[in-house]
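Let's walk through this structure together, from its charged pairs to its overall layout. Have the sequence and the view at hand as we go.

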Amino acid sequence: MASPTSIHPRPITVAEVKDIAEKNLEEQVWRYYVDGAQEQITAQRNQSISNELYLRPHVLRDVTHVDTGTTILGKRYDIPIAIAPSAF
């Protein structure tokens, strides 16, 4: 089996990371993370929407006063909080 670094020396995209995972994980483990429920409608829709996103990095910006806080349901938090789905 090829080592992950021989496939992609420095994976940059999600597709490259997925390629490394698919080639290095056992089949059952890989399927556990990539399969969706039933007809996989939600998984396909999520991928379709993700493909349409365009992220514009903000480079060479003034970062003297950065605020990483957030507000959730009207309550202010001084730290960034993210909640993402994960395999169970």
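A salt bridge here is a side-chain nitrogen of Lys or Arg within 4 Å of a carboxyl oxygen of Asp or Glu. Side chains of opposite charge can pair when their charged atoms come close. With that in mind, look at aspartate 67, which forms a salt bridge with arginine 76; their closest N and O atoms are 2.7 Å apart. Before going on, please note that this is a predicted model, in which local features need pLDDT of at least 70 and side-chain atom pairs count only at pLDDT 80 or more, while totals for chains, interfaces and linings use all residues. Residues are numbered from 1 along each chain as its sequence is written, and side-chain values use heavy atoms, with hydrogens and water left out.

How many salt bridges are there by this rule? The count comes to three. To describe their surroundings we need the accessibility classes: buried means under 20% relative accessible area, exposed over 50%, and partly exposed in between, with a 1.4 Å probe and protein chains only. Aspartate 67 is exposed because its relative accessible area is 55%, whereas arginine 76, at 43%, is partly exposed.

Another of these bridges joins the side chains of aspartate 19 and lysine 23, at 2.4 Å from N to O. Both residues lie in helix H2 (residues 14-24), four residues apart, or about one turn of the helix. Helices (H or I, at least four residues) and strands (E, at least two) are DSSP runs, numbered from the N terminus. Lysine 23 has 42% relative accessibility, so this residue counts as partly exposed.

Arginine 31 and aspartate 35 also meet through their side chains in a salt bridge, at 2.7 Å from N to O. Arginine 31 is partly exposed, since its relative accessible area is 34%, and aspartate 35 is partly exposed too, with 36%.

Now turn to the aromatic rings. A pair of aromatic rings is described by the distance of the centres and the angle of the planes. Rings of Phe, Tyr and Trp (its six-membered ring) pair if their centres lie within 6.5 Å; planes under 30 degrees apart count as stacked, over 60 as edge-to-face and the rest as tilted. A search of the whole structure finds one such pair. Tyrosine 32 and tyrosine 33 form this edge-to-face pair, 5.3 Å from centre to centre and with 90 degrees between the planes. Tyrosine 32 is partly exposed at 42%, while tyrosine 33 counts as exposed at 54%.

Which backbone angles deserve a look? Most residues other than glycine have a negative phi, and most peptide bonds are trans. Glutamine 38 has a positive phi, near 45 degrees. Glutamine 38 sits in the loop between helix H3 (27-34) and helix H4 (41-52), and counts as exposed because its relative accessibility is 74%. Leucine 60 has a positive phi as well, of about 55 degrees. Its place is the loop between H4 and strand S1 (70-72), and at 89% relative accessibility leucine 60 is exposed.

Finally, step back to the whole chain. Four helices and two strands follow one another in the pattern α-α-α-α-β-β. Of the 88 residues, 5% count as buried. Contact means heavy atoms within 4.5 Å, and residues 24 or more positions apart account for 11% of the contacts with a separation of 6 or more.
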